[in-house]
Each structure stands twice: as C-alpha cells, then as structure tokens.
There are 2 protein chains.
Amino acid sequence: MGYYEVEFEPVGRRGKCRDDESVLDCAHRLGVGIVSLCGGRGKFHCCKIQIIKGSVSKPTKSEIEFFSSEELKDGYRLACQTYLKSNCKIKVSLESLTTPQRLQLEGLEIGVKLNPPVKSCDIKLSPPSMVDLRSDDERIMDELNHQFNLSCRKFDIDVLKNMSSLLRSSRWEARVFVRDDEVVSISSKHSSGLGLAVDLGTTKIAGYLLDLDSGKTLSSSGVMNPQISYGEDIVSRITYAMESPAKKKKLQEVVVNTLNSLTSDLCRRANVEKERIVEAVIVGNTVMHHLLLDLPVDQLAVSPFVPAVQNSLDVKSRDIGLNIAPGAYIHLLPNIAGFVGADHVAMLLATERIWKDDDLVIALDIGTNTEVSLIDNGDITSVSCASGPAFEGAHIKDGMRATNGAIERLQLIGDEVKYQTIGKVSPVGLCGSGILDAIAQLYLAGVISRDGKMNDHPRMRFHNNQKEFVLVNEKENGSPAITITQKDVREIQLAKGAIRSGIDVLLRERGHFEQEVKKVIIAGAFGSYINVASAVSIGMLPPLPLNRFQQVGNAAGIGAKLALLSTEERFKAEAIAHRASYIELAASPDFEKIFLRATYLG
Amino acid sequence: MGYYEVEFEPVGRRGKCRDDESVLDCAHRLGVGIVSLCGGRGKFHCCKIQIIKGSVSKPTKSEIEFFSSEELKDGYRLACQTYLKSNCKIKVSLESLTTPQRLQLEGLEIGVKLNPPVKSCDIKLSPPSMVDLRSDDERIMDELNHQFNLSCRKFDIDVLKNMSSLLRSSRWEARVFVRDDEVVSISSKHSSGLGLAVDLGTTKIAGYLLDLDSGKTLSSSGVMNPQISYGEDIVSRITYAMESPAKKKKLQEVVVNTLNSLTSDLCRRANVEKERIVEAVIVGNTVMHHLLLDLPVDQLAVSPFVPAVQNSLDVKSRDIGLNIAPGAYIHLLPNIAGFVGADHVAMLLATERIWKDDDLVIALDIGTNTEVSLIDNGDITSVSCASGPAFEGAHIKDGMRATNGAIERLQLIGDEVKYQTIGKVSPVGLCGSGILDAIAQLYLAGVISRDGKMNDHPRMRFHNNQKEFVLVNEKENGSPAITITQKDVREIQLAKGAIRSGIDVLLRERGHFEQEVKKVIIAGAFGSYINVASAVSIGMLPPLPLNRFQQVGNAAGIGAKLALLSTEERFKAEAIAHRASYIELAASPDFEKIFLRATYLG
C-alpha cells in the first residue's frame, strides 16, 4: 500500500491518498464534499472531476461511455472510478461539489442617486404611411430626440436586425434603451432594463444582477475563477499566458464561459431573461482585466510593470462573447497601475464616503494580491503587495478555502483549543481567518516567538521532521489531526509581512506616523471575516485602537454596482484613478529591510 | 436526340442544348467562354459549373474524386462531364470564365480636398520608466491629443490586443490611425492608410482600393454579385430572404465572401496587405444595403415600402465579417427610401458639381432597378422604376451581359445590319446597348411601329410561332442566328416605359415640361455605353438636344470614393439624402395611363 499527495481544487484541500482508495473515498475522508449518488458504482456520473496534474488509473468502461474522447483527453473522470498513480492535483466540477463555497456577497450598501448610463424610454410611434415614409430608425430617433430630449444618433447593428419586426408585432410601442447617443437595446415589453455587476477576483468571482429602474439587487451569486486551474496567483497566470497566444486566449475563454454561466444562474434566480441585461460593469485587478479582454500581459512581467490599458473602457459584450442583450456594452473601470487594478478603484469608490472626510486613511483589499492605498487629504497613493494565497488556505498544511468544515475562529485557553467551523460541522482544516487566529493566539501565549520560532508546549510535537502545534488531534476528530507547522508560521510571516511593509512604505513615503491614521478600511472576503485584533496582534495591521478599523465586505463589488447605477459614479471612479499615484514597492529604498522587519510578529 | 433549354449565368446567355452534347460543348457553341484545358477529359477540373435549376447526368468518377460530397449536393460539376436531362440554369464559376465581364470601373473623377475621416498620426514615444508609469493607452492618447491636437478618447479593442507588443518591437514609434475620438488601427510601418470603396449593385460589384494619403486609386476590380443565384432582381431577392432567416443570412454570407475575395484581389493587384485598409465605404440600393447588414427586408415588400434604416451607419468591419484592419469601420451612406438607396445618394454626391448650378436637372442611374431624381433648384425628388434586367440581356431571346461576343453597337443601313462586338470577335448575342440600338434602328426604319408591332421586311421571319428580325443569320455566323423577336420588343417597351414614366411623373409632380430640363445625367454601366440618340429615338429618354445629356459612368462608385476621402463629402451626402423626397410611382394618380403611354416607341 502506498500514499500519494493530493490537492483538491477549488476548495484548496491537501492531503494523502492511498493507492487503493478511490479519489471519491479519499475526498470524503479529507472532508471534500463531492456528490455521490450511486455509492461509487459509476452509475450516475455525478462525481465529475478533472485531473489537472499527475497520473491516475485508466478510464473504466462506464467512464468511456459517459465522457467524450476529448473530455477524457482533457482529464475528465469520475471520482468513484479513479485511483491515483502519482501525486495529483484534482479539480472538482462545480456541479459535483456538495457544499457551495462561502463567498463574500453581501457588503456595504450605499444609497446612490439613480442615473444609469443606459436610459429606458417608452415610445409610441405612428406607423408609416404614404404621407409619412420615414424609415424605422429615423422614426424612433425622431421620437427619442423630441419626446425625451436626447441626442440619439445611432443604433447598434444587432438592435437594427430585430427592430423592424418588433415594432410591427408590438403595434409600434416599445421600450428603447439608450446609452449616450446610441440605442443599445429594444424590447416590446415595458419591463425594466437590467444590469450585471461583476467583481472578477483572482480566486473568486462575485456577480450581481440589478434592476436599473429601482437600483435593487435582484440576485447575487459567487463562483470560483476557473483560471485557478492554470495558476493560483496573478504571476503564475501571467506566466501561463505568456507561453503562447493560444494559452492566453484559453484563459479568456474559461473566464467568459464562467461569466456566462454565472449570468444564467443570476437570471434563473431572479426569473428573468438574460437578454434584458443592457449593461455590465466588470471590475478586477489589472491582470484579470487584461486576461478578460485578451490583452497582452507580457509587459506586466517586467519592470516597470505598466498596464497595456489604464483608462476605462467600453467594450461591446459580443466582442468578448458575453451573452447579454446583443447591443449591450461592458464597462470596465480604469486601472491605476500594473498591479493596482479597477477592483481597487471600485473599492475606493464604494468607500469614498468613509474616507473622504478624514485627513489620513488606509484602505486595503486583502486577497491573493493585496492592494493598499493611503489617502492623505484626498491624495491617493497605492501599492501592491504580493501577499500570496496563504490566507486563502494555500501553502498551509491544513489550510483550505472558506467552505464547510473550515475552522474560522480559534482561541487558545490554557492548553485547550476552542474553535468554530463553517457550517458547524467537524473540522476539516483551517481557512484564512482561522489561520490568523491560530498564529495570533500562539504568539500571544508565547508558543511562537517574535521571530516566528516555535517553542515547547504540551501540544507541540515533531512530525515529518518538523515541529507542529496540534490544534485538533486525530482522536478528537476521527480523521487526520489539524496542526500548525513551523513552515505554516513562516508562510504567514511572509504574507503578513508583505501587507504590513506595504503600509509602512506608504506612511514613510508620505511622511506620516502610523498613529496619525484615522481609519483603516479593510475590504474583501477574507478581510471581512478576520478578527482584526488577531491581525493587529501579529502585526499584519498597525497597532491602532480597534475602533479605527472598518471591515466593509466586498466593496469592489459594491463599486461595480455603483458604476452600473450612476454616470456620476463613473466620473468619480475616473477621478479617483487619475488622482491615484503608484509606488513600486520593490523599487522603494530599503524595501528589503522594511519587509524583513515586517515579517516579525507583534 | 432531344433538346433542352439552357441558361448560363452570370453571362446571361440562353440557348438550346442537345442531350448528347456536354455542357462544355454547348457553352462553347453558344459562345460562353468556359476554360477547358484538358479537352473535355475531366482531367484538369478547370471547367467548374454549378447546376442552379434542372436535372443532369450523374457525376462521373473523375467528378466524385474532385468534388466533396457537399459540393456535389450543391450541384457543383465539371462542364465537360455533364449532360442535361431537363431544362437547366447553370452558373459558371468565375474562375472558369475565359472572358472577364466588362464592368464599368472608370468614371467621372472629381478632385476632392483630402480630409479622410481616418487620420494618420506618426508618433514617437518615450518608453515607460520608474518615473513615468503611464500605461500604453494613456501614453499614446497623451501624445495624440497634445502633438496632434486631437480629442482621442478610446481605442478599438482589437487595436489594444496588438498595441503593446508592437510599440515594444518598433522602439516606441508607430503610425496611429484615428477616427473621430477612436484609435482604429496602429502600424509599425509609416506606410499610408488605405480605403476600400465599393459599389454594391444588384448585378455587379465594383471595388476600388484607395491611398488615403494621396487620394489615388491603387487598383479597381469588378465581380458579379453572387446573390444573382438566388434571384435576378431586388424583388426576387426580397422574396428569397423572406422565406427564412437562414436564407436571409445566406444572402449576407455570399456577398460578404465575395467582398472579401474582391478585397484580396484589389490588394494583390496593388501589392499591399489588406490589414492596411483602415476604412471602407459601401454603397448599394436599399435592398443590397439591408441584405449586406442582415437587416430585415420584409417591410420592403409591403406598402409603403419603408426601409429599416435610412440614416448613414458606421459598422465595425468585424461585425459583418469583412476582413480588413481589425478595428476598421464600414461607413454606409444614407438611404433615401425603400427603393432609392445609398448608391443613388452616392451618384448625386459625385455629380453634384454638374447639377448644382442648373435650375432643372434629371439624374438617373439605369440598372435592373432604375432610380431617377429631378433636381429643381436644389430640391431633390426621387422615384424608383422597376426597369428589370432586360437591358442586362435577360428575358431577351439572344440577350446576354456585356462580355466578349456581345453586339454593343448596331446600325441598319438599307437591308444590311452593321454591328460591332465586344472584343471584336464573332457575335454571340446582344448586350443592353446593342438591343437598344437594334430596337431604335428598326423603329426608325419603320420595321417596328410606334405600338411595337413588327412589320414585314426581307429579314423578318417566323420562327417558333413568332415573328423575328434576323440581325445575324446562321450562315454568316457559323452558329445560331441572332434575332430580335416580337417578344423582345415587348420586353424593351416595358423596360423603357418604366424609366420614361418615372421621368414623366417627376416632371408632372414638380410642374415642369420636359423642354425645361437643362441637363440629363446618365449614370451606371449600361447608361454609359448606350447610344443616347437611340434611347431618345425610342422614347426611353425625353426628346432633348443631345448636348444636354451627360454620361458619367459609375458615379455611385465615385461617390463612395469621395465619402472615403473626405468628411465634408459625408456631410454633403447626409444633406442630399435629407433634402430628397420620394414619390411612390404606383401611388401616383393616373400612373397606369402614364406608364402605358410611355411604352409607346418614339
């Protein structure tokens, strides 16, 4: 009997898999929820997985019948029929996951004066006659410009294709959607136009469907970014994209496919047709932005890391293959720099009313990449910190993403470990906030020194040649122990050091002391779930009174919504991006020293 | 031995085919030039034809090997291997035609002040550095707006895809093509931008490739409109398109494919790459315009025949599949009415300097559909006349299109017929100008009465139960006789009656007598080749002194060129279209009477 290392995506769970257990059994043992209706007989084809790396047993008859030869070539398999033959990385199909990932969807809702860039106009026309021979386009344009005082000058070509038959079947009444000087959609019904807002993260994608008449969010949903299979962080995505134009195109393709299914899902939940979506706003970091549009990313791999595109963009949805109203545009907010993107602009936009009246504010969006801005009397200075995926549970022995069974809160009371898991089920591993609590608690208890060294403790043991602190032991759990290893501590030191050194450089460059900071705005899923006290304890965030911190949830998503609902908010976003200057951390004097100091705990 | 009726497209030659002669032999006997290199042994596959209607012999081994099963299903065959089994309509592949059709490409060249809507700007940028972190788009935009005083605000998405690598490989020097506020193309070379002008006729397509820096025409070429296989005139095209959306789409597809090969041909002749074409202008009648864009034509089939689109349009070339510079636009001039299209506007634009200083001018573009405008002190009134394809040689017993062997000029001197053929070869049939001369000469000699009845004459004979006048007999020719039948006379009476009644209605509506007309501008291929005296003799055109007539060639094509070279010309075209009002002939009082009177000769 042998063992292989296995890693399950997108939940991020790692573990050992015996060569005589099926991938399904191994997944269940490690707490990865894969649907299994037939009990492992390959009958219902519900436990679909994809082998990303490594070799496995040959496909069985049942799999050969179910999958196309192309799918088999791409590594698609059934978990219950597959056995490992080497270390493997395995992706579980989203439809095969029993527990949807917990994504950050709710957030800081800010009232906004509705003034969507796409206006809806109800028109009633007189039909053509021998004394009124105006064409259909001219007839509509006259009505729009006279009745609604617009300066409409053109029609999207796809609108023109359906317009004439629609007018004739709807007795010359219609609702017309106008964007600037262009008709982008026409409908025979008087139902409101819809908008799609998307926060396209490196790891997660959050989508929102909005009613543009009321400003209400009709549905929201989150999915994993499928590009994860081609690289965990933005640097590895860039590397992959640079290998060939086909690979870059592939990254666009998978994300557009996912956006299309996300859109269908949002529409199904709200019981509306996706053709009613007349505008979309998508925000992401610069790399996500460029890959979505199939723009070059090579220049993001070399100093001085300038983006191909920085200004806001309006792209026809059909030009990237997003299936919404045929004439609709996708608006992309401006980027600030190669590693501070439109998502950060959206976050600053959403939190503007929090920071605008204070003279010194730090706003940060913690993720696989962490963007930090210092807002100093309205001047914005931004940096980008390669915090890595440790807070997403990656590179941590028992780390996992925030899904059922993840320890999200943890306390050390005496020698006892108290914890709380997502879904209140048996613990499977640690998600970001749990890891942060664990390190903070161990540091506060003196179990870890300032330099990260693990000291002796009744729960400390040697395992696989390294020290590890047992949070949950095998007996307690009935499954593998959950521990924090010396290596895990080092990973967190690097991650938190990256964030803290970004903050430190910003303060130094602007000539401020940390105590002067009036507010720290923490955005992003992870940032919203963390115990801020823990983050301050280990020195990830500066030592300020806790009431100066504000956790705002997915502010980037809110920013995208705002840009969907109001032209003024788009102008504000432009202004924010233009006001922001960027500092390249690596080029900052003494950066190595600052970073090294920031890796110390406390 | 039996005979079948055969018609060869696109040359328009009709005749009888024996059941024991191959289609190739029959074509050669009838004077239709099909390439034949192997002498009929099916060896070189050069005599490619397509059976449009009727049934023929089964494919031979040689054909089965050469054609795909799909091509065979679509009726593709080799002329040397095929024998008729019924009356047939056969299309000769363009590459298999030995004599290219003579198309009207030269025309009235008018000097125009160059001010193309697409400007070219040579830029030299400083590369990004740690102190200048501007993105590539921002860097270019700054340069354009400061150095060239432009208000550039956006980039085409396809330009963005190549821009960054181009800048880096060309040492930050480039030529940028800007249209209004948008960058539509970028090139590392400093060669001039090119423009494509197309006159998209119902029967023929004329294309011109222009240098936008010099305004010079680099190459020009003409091809048949492939939609002919789906209907000879606009009404039959509408009927076909209305049968199903797929059929309408098919009409777009075949014409776009032909435009793409026409473009490649133009570029090959000028030895340039088609990616250098940064703008296209396409003019056509309203039906051609709508079918090119896959717009609905149903409303053009019912009174009051209003177009879906009347205003000028700018469509991204990729949105209809035209392969030029990826970010380039196609500009479509405005239409006047359902049956007076952008090609007529282009013709009026090109001839403006001829008509603008006269108080009463008639301008007409004779084709399968004939558009006539009366310009009365700057007011433009237009009609559309269904003149039909008789002047293209169709529906005329020995009619054919203007290609080698067609009689183009004819005189009756005593009992003798003098004629001149295109290419100075043996006569094969009559093209439009030849038919017109023949009818005029016979009328002037009294062989045909005013009402079109044929009288006795030594060259008159009875054949197939109708009277026919022998222009060229079998003996003279060594091939079938060329005659004018009583039915031919009737066809020409209808065609010329349609045109003349249009002129008459216009004059009556505007309260003028024909003698007041100062100029008659005749545009179009046929109109340029005709003997105006003949046209006046039979009463197709009003009886005015011959020096008042001006034959201007393909003025629509010239108009398209002007719109390519100058923004002011586009504004003028808009103004012309807005000034033009349209009269529906069928709804004009007493139209039947006027038409009937106009069918009389003289």
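1. Asp319(B) forms a salt bridge with Arg318(A), and their closest N and O atoms are 3.1 Å apart. The term means a side-chain nitrogen of Lys or Arg within 4 Å of a carboxyl oxygen of Asp or Glu. By this rule, 2 salt bridges cross the interface of chain A and chain B.

2. A word on the basis. This is a predicted model, where local features need pLDDT of at least 70, side-chain atom pairs count only at pLDDT 80 or more, and totals for chains, interfaces and linings use all residues. Residues are numbered from 1 along each chain as its sequence is written, chains are lettered from A in the order in which they are written, and side-chain values use heavy atoms, without hydrogens and water.

3. Now the interface as a whole. Chain A and chain B each put 38 residues into the contact (heavy atoms within 4.5 Å). About 3200 Å² is buried between them, 61% of it on carbon and sulfur atoms. Buried area is the accessible area (1.4 Å probe) lost on putting the two parts together, summed over both.

4. Chain B holds an open sheet of 4 strands in the order β6-β8-β9-β7, with mixed pairing. Its edge strands are β6 (118–124) and β7 (154–155), each pairing on one side only. Strands are DSSP runs of E, at least two residues, and helices are runs of H or I, at least four, numbered from the N terminus. Two strands pair if DSSP finds at least two bridges between them.

5. Within chain B, β8 (173–179) and β9 (182–187) run antiparallel, joined by 5 bridges. Arg179(B) has Glu182(B) in β9(B) as its bridge partner.
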